[in-house]
Amino acid sequence: MKLLLLLSVLGVCWAQYDPHTKYGRTSIVHLFEWRWDDIALECERYLAPNGYGGVQVSPPNENVVINNPSRPWWERYQPVSYKICSRSGNEDEFRDMVKRCNDVGVNIYVDAVVNHMCGSGVSAGTSSTCGSYYNPGSRDFPAVPYSSWDFNDGKCKTRSEEIESYNDIYQVRDCHLSGLLDLALEKDYVRSTIAAYLNHLIDIGVAGFRIDASKHMWPGDMKAFLDKLHNLNTTWFPQGARPFIYQEVIDLGGEPIKSSEYFGNGRVTEFKFGAKLGTVIRKWNGEKMAYLKNWGEGWAFMPSDRALVFVDNHDNQRGHGAGGASILTFWDARLYKMAVGFMLAHPYGFTRVMSSFRWPRYFENGQDVNDWVGPPNDNGVIKRVTVNADSTCGNDWVCEHRWRQIRNMVIFRNVVNGQDFTNWWDNGSNQVAFGRGNKGFIVFNNDDWALSTNLQTGLPAGTYCDVISGDKIHNHCTGIEIYVRSHGLAYFSISNTAEDPFIAIHVDAKL
């Protein structure tokens with residue numbers, strides 16, 4: 001009886017770290033700023049057939065409409081109420097998306113903005129995605145409702161009421177982040193109101209939450225509202241399943257607030273992952289891929305079972321939000337595919353793929369002055385995600401998750417899930433290779449000269465299709481073929497000028 005009770009307690013303790021993806025699916029994708037009806041369609045036609053486990057969606061709640069000069073992406077991080085009413089669609093469309101995605105085994109994770117309401121500089125009125133009245137000046141949000149009692153104005157000790165020093169944990173957690181009105185999460189009314197919003201989404205069928213700006217909330221205050229959350233909807237999830245939680249905490253080292261303070265609440269975004277990997281792939285500061293042999297905790301990252309990892313996200317692909325110039329994005333496609341390939345092949349962390357839209361980049365003094373530009377739209381209405389004959393996307397949607405190299409590495413990760421990190425090889429420079437047990441093997445050439453060598457793959461003998469240069473269609477390869485001999489050795493040749501200077505094989509791509 002005591003053992004059963006202990007196992008039950010342990011199950012509850014671990015529950016918030018489990019993304020609840022369906023068996024054999026190990027990665028999620030952030031469909032940044034997509035419409036709900038387009039996400040539903042993408043779950044059915046592409047994500048489920050290609051082994052994606054879930055989608056992170058943009059904040060679904062009502063937000064301020066910013067027409068200055070046109071609607072920026074960040075307006076969605078300026079809440080007015082918790083009504084499900086955004087430029088991605090209304091509540092009926094959101095419910096339809098959740099049902100359709102869940103029905104094909106693709107989970108929905110909501111980007112939850114609960115640290116703050118809209119900015120103090122926004123004028124009072126009804127210029128919001130659902131027409132609700134709000135008055136930031138008087139802290140009046142009747143559609144929630146919140147009033148002046150529900151904000152941290154008296155608690156913040158800076159003259160400006162803004163965060164003035166990130167070395168002061170009280171400022172970071174009690175003052176305004178970029179002018180946004182900081183909610184008093186120590187109050188049970190605020191905690192209960194936030195929990196009611198999240199519970200509404202859970203009851204609809206979402207599987208969990210990215211908690212925006214977690215660094216700006218006290219971990220104990222977060223635990224208080226997370227403890228109020230319902231179990232997941234049993235239409236799609238097991239009895240007693242708890243929502244998956246991953247918290248946005250930017251911790252690159254050097255500040256007093258640490259990611260580890262938030263482990264008790266759920267997983268945490270490991271921002272060092274993309275920043276360091278970008279530096280290595282770019283070969284900056286003398287870094288080499290050979291140094292990746294002990295990637296993960298060996299690079300002073302958080303424990304793997306607490307980490308949500310990504311090469312880039314919607315913030316830092318625009319040059320802010322941690323990571324700096326080393327962050328690789330779709331603008332650097334050749335290097336980016338290698339970085340995402342490495343992430344998806346390596347066992348560290350729970351992986352999220354980015355899916356972006358293009359914007360007209362324009363640099364002044366090294367800064368992209370167009371980093372505010374919102375999603376492709378016609379007079380504020382988000383454009384549909386159109387699909388071209390080659391399965392890429394139109395209408396300025398980048399759809400990195402549809403790139404063959406990335407899609408096939410998502411499948412690779414599914415195939416090798418649970419296998420050990422094995423058969424590491426490097427040339428002391430930027431040619432590296434490693435295996436995942438006897439299920440998969442990947443080789444990179446990021447040097448300025450060709451790679452040509454025999455390597456121990458650990459795989460059964462046979463002919464394999466390289467899933468980077470092509471696909472296995474019926475019983476032939478559309479790309480490179482790799483012959484693994486009886487003792488596991490295979491010959492690899494990768495030009496330093498190849499469009500994609502890496503090769504990946506796995507047992508499901510064997511002829």
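Two strands count as paired if DSSP finds at least two bridges between them. Six bridges join strand S19, residues 431-436, to S20. Five bridges join S20 to strand S27, residues 502-506. Within the second pairing, Gly-440 stands opposite His-506 in S27.

The confidence of the prediction comes next. Mean pLDDT for the chain is 95, and 97% of the residues reach 70 or more. The stretch 2-12 has pLDDT below 50. Beyond near neighbours in sequence, this stretch makes zero contacts in the model. Where pLDDT is low, the predicted coordinates should not be read in detail.

The chain divides into two domains. Domain 1 is made of two segments, 17-269 and 357-397. Domain 2 spans 421-509. The C-alpha centres of domain 1 and domain 2 are 39 Å apart.

Ala-433 has Val-443 in S20 as its bridge partner. The hairpin of S19 and S20 has three residues between the strands. In that hairpin, Gly-437 takes a positive phi near 55°. Six of the six residues of S20 are buried, so the strand is largely enclosed by the rest of the structure. Both of its faces are covered. Gly-440, Ile-442 and Phe-444 are buried on one side. Phe-441, Val-443 and Asn-445 are buried on the other.

Aromatic contacts were then examined. The search of the whole structure finds 35 aromatic pairs. One of them is formed by Phe-273 and Tyr-348. Their ring centres are 6.1 Å apart and their planes lie at 10°, so this pair is stacked. The pair links distant parts of the chain. Phe-273 belongs to helix H7, residues 271-281. Tyr-348 sits in the loop between helix H8 (333-345) and strand S13 (350-355). The two residues are 75 residues apart. Both Phe-273 and Tyr-348 are buried.

A second pair involves Phe-342 and Phe-444. Here the ring centres are 6.0 Å apart and the planes are at 55°, so the pair is tilted. Phe-342 lies in helix H8 and Phe-444 in strand S20, residues 440-445, so the pair ties together parts that are 102 residues apart in sequence. Phe-342 counts as buried because its relative accessibility is 0%. Phe-444 is likewise buried, with a relative accessible area of 0%. The four residues Phe-273, Tyr-348, Phe-342 and Phe-444 belong to one aromatic cluster. Other members include Trp-295, Trp-299, Phe-301 and Phe-421. Trp-424, Phe-434 and Phe-502 also belong to the cluster.

Cluster member Phe-301 is also touched by Lys-272. Lys-272 is placed in helix H7. At 14% relative accessibility, Lys-272 counts as buried, because the limit is under 20%. Not counting residues up to four places away in sequence, Lys-272 touches Asp-251, Leu-252, Leu-277, Ala-300 and Phe-301.

Two arginines sit over tyrosine rings. The charged end of Arg-306 is placed over the ring of Tyr-17, 3.7 Å from the ring centre. Arg-402 lies over the face of Tyr-46, at 4.1 Å from the centre of the ring.

Backbone geometry shows several exceptions. Most residues other than glycine have a negative phi, and most peptide bonds are trans. The peptide bond from Val-144 to Pro-145 is cis, with omega near 0°. Pro-145 is found in the loop between strand S7 (116-119) and helix H4 (169-174). Arg-139 also lies in the loop between S7 and H4. Although Arg-139 is not a glycine, its phi is positive, at about 60°. Arg-139 counts as buried, at 11% relative accessibility. Cys-399 has a positive phi as well, near 55°. Cys-399 is placed in the loop between strand S17 (381-382) and helix H9 (404-416). With a relative accessible area of 1%, Cys-399 is buried.

Conventions
Residues numbered from 1 in each chain as written. Predicted model: local features only at pLDDT ≥ 70, side-chain atom pairs only at ≥ 80, totals over all residues. Heavy atoms only, no water. pLDDT = per-residue confidence, 0-100. Contact = heavy atoms within 4.5 Å. Phe/Tyr/Trp six-rings, centres within 6.5 Å; stacked < 30°, edge-to-face > 60°. Helix = DSSP H or I, 4+ residues; strand = E, 2+ residues; numbered from the N terminus. Buried < 20%, exposed > 50% of the residue type's maximum accessible area, 1.4 Å probe, protein only. Lys NZ or Arg CZ within 6 Å of the ring centre and 35° of its normal. Domains from an automatic or database assignment.
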